[in-house]
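Have the sequence and the 3D view ready.

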Amino acid sequence: MIIIKTPEEIEIMREGGKRLAEVLNKVKAKVRPGISTKELDDYAFRLVKEMGDRPAFLNYQADGAGRPYPASLCVSVEDEVVHGIPKTGRILKEGDIVSLDFGIVHRGLFTDSAITVPVGSISPAKEKLLRATEEALYVGIDAARGGKKVGDIGYAIESFVKTYKYGIVDILSGHGVGRELHEDPYVPNFGRKGTGELLKPGQTLAIEPMLNMGVKEVIFDDDGWTFRTADGKPSAHFEHTILITDGDPEILTKA
Ligand code: MF3
Ligand code: CO
């Protein structure tokens with residue numbers, strides 16, 4: 001069921017989204033060669049606690065899946081696409097790219113956002129992948145308008161990505177968000193114009209393209225959470241929580 005948020009809920013999600021953006025910015029500033037992915041997770045947890053909010057992913061039980069997610073932040077390095085589990089032994093090194101995905105629950109409402117950032121200086125090919133993935137997110141957001149359909153978002157992203165040779169991960173998608181972390185509808189990063197559910201003002205969506213430098217296929221790790229690319233090539237991921245309006249979409253997870 002697609003949930004239209006009340007003006008009061010939207011106001012709370014605006015505040016939550018702002019706080020989430022602040023956490024991601026602060027965690028991003030800590031990214032450097034030599035830091036462990038666990039240190040980033042601990043830092044994000046501390047920040048969200050200081051704000052008086054709750055990390056949305058910690059202990060999250062995915063539908064039908066094994067164990068609950070054991071951390072607050074998803075940290076996905078290089079060929080890890082999403083849901084990388086932070087570890088003390090996983091040390092970032094110069095030239096890596098790392099996706100930081102975080103969600104918070106502020107006054108009962110969820111927001112969800114992700115960025116992929118360089119560790120030190122990275123190759124031009126990785127720079128290009130990051131720029132294209134972030135742009136794909138904004139192209140998708142721009143297509144998310146009241147009166148349009150969910151398929152218009154995927155169509156916009158897919159058409160934009162066609163100009164590159166990247167693989168669009170198609171077994172994972174964006175989603176409704178707000179009263180729960182994952183609500184209807186699914187928001188795939190590919191699609192056909194004018195198809196799928198109608199977008200209505202007051203709907204809140206997480207749009208999250210994942211682009212692989214190589215093939216689109218991904219492998220599910222034995223740890224029960226991590227998705228990595230099938231060919232071992234790097235992958236990038238950007239995500240915002242947005243509000244559908246009568247006009248321009250509003251990005252809620254903006255600093
Ligand atoms: N942004 C991710 C998603 O929407 C984060 C989920 S991690 C989980 O799927 F642990 F909460 F599942
Ligand atoms: Co999400």
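This is a predicted model: local features need pLDDT of at least 70, side-chain atom pairs count only at pLDDT 80 or more; totals for chains, interfaces and linings use all residues.

I97 is buried, with a relative accessible area of 0% (buried means under 20%, exposed over 50% and partly exposed in between, using a 1.4 Å probe and protein chains only). You'll find I97 in strand β4, residues 97–106 (strands, E, at least two residues, and helices, H or I, at least four, are DSSP runs numbered from the N terminus). Leaving aside residues up to four places away in sequence, I97 touches a list of residues including V77, V117, L129 and P234, where a contact means heavy atoms within 4.5 Å.

Residues are numbered from 1 along each chain as its sequence is written, chains are lettered from A and ligands numbered from 1 in the order in which they are written, and side-chain values use heavy atoms, with hydrogens and water left out.

Now look at helix α2, residues 37–50. T37, L40, D41, Y43, A44, L47 and V48 are its buried residues. They cover an arc of only 160° around the axis, so they end up on the same side of α2 (the arc is that of the directions from the helix axis to the C-beta atoms). Those buried residues pack against α1, β1, β2 and β4. Just after the helix, G52 takes a positive phi of about 85°.

Next come the charges. Side chains of opposite charge can pair when their charged atoms come close. A salt bridge here is a side-chain nitrogen of Lys or Arg within 4 Å of a carboxyl oxygen of Asp or Glu, and by this rule the count comes to 20. One of them joins D79 and R228, with the closest N and O atoms 3.4 Å apart. D79 is buried at 17% relative accessible area, while R228 is partly exposed at 22%. E80 and R90 also meet in a salt bridge, 2.7 Å from N to O. D79, E80, R90, D221 and R228 are linked in a network of salt bridges.

Notes
The expected span of a helix is 1.5 Å times one less than its number of residues.
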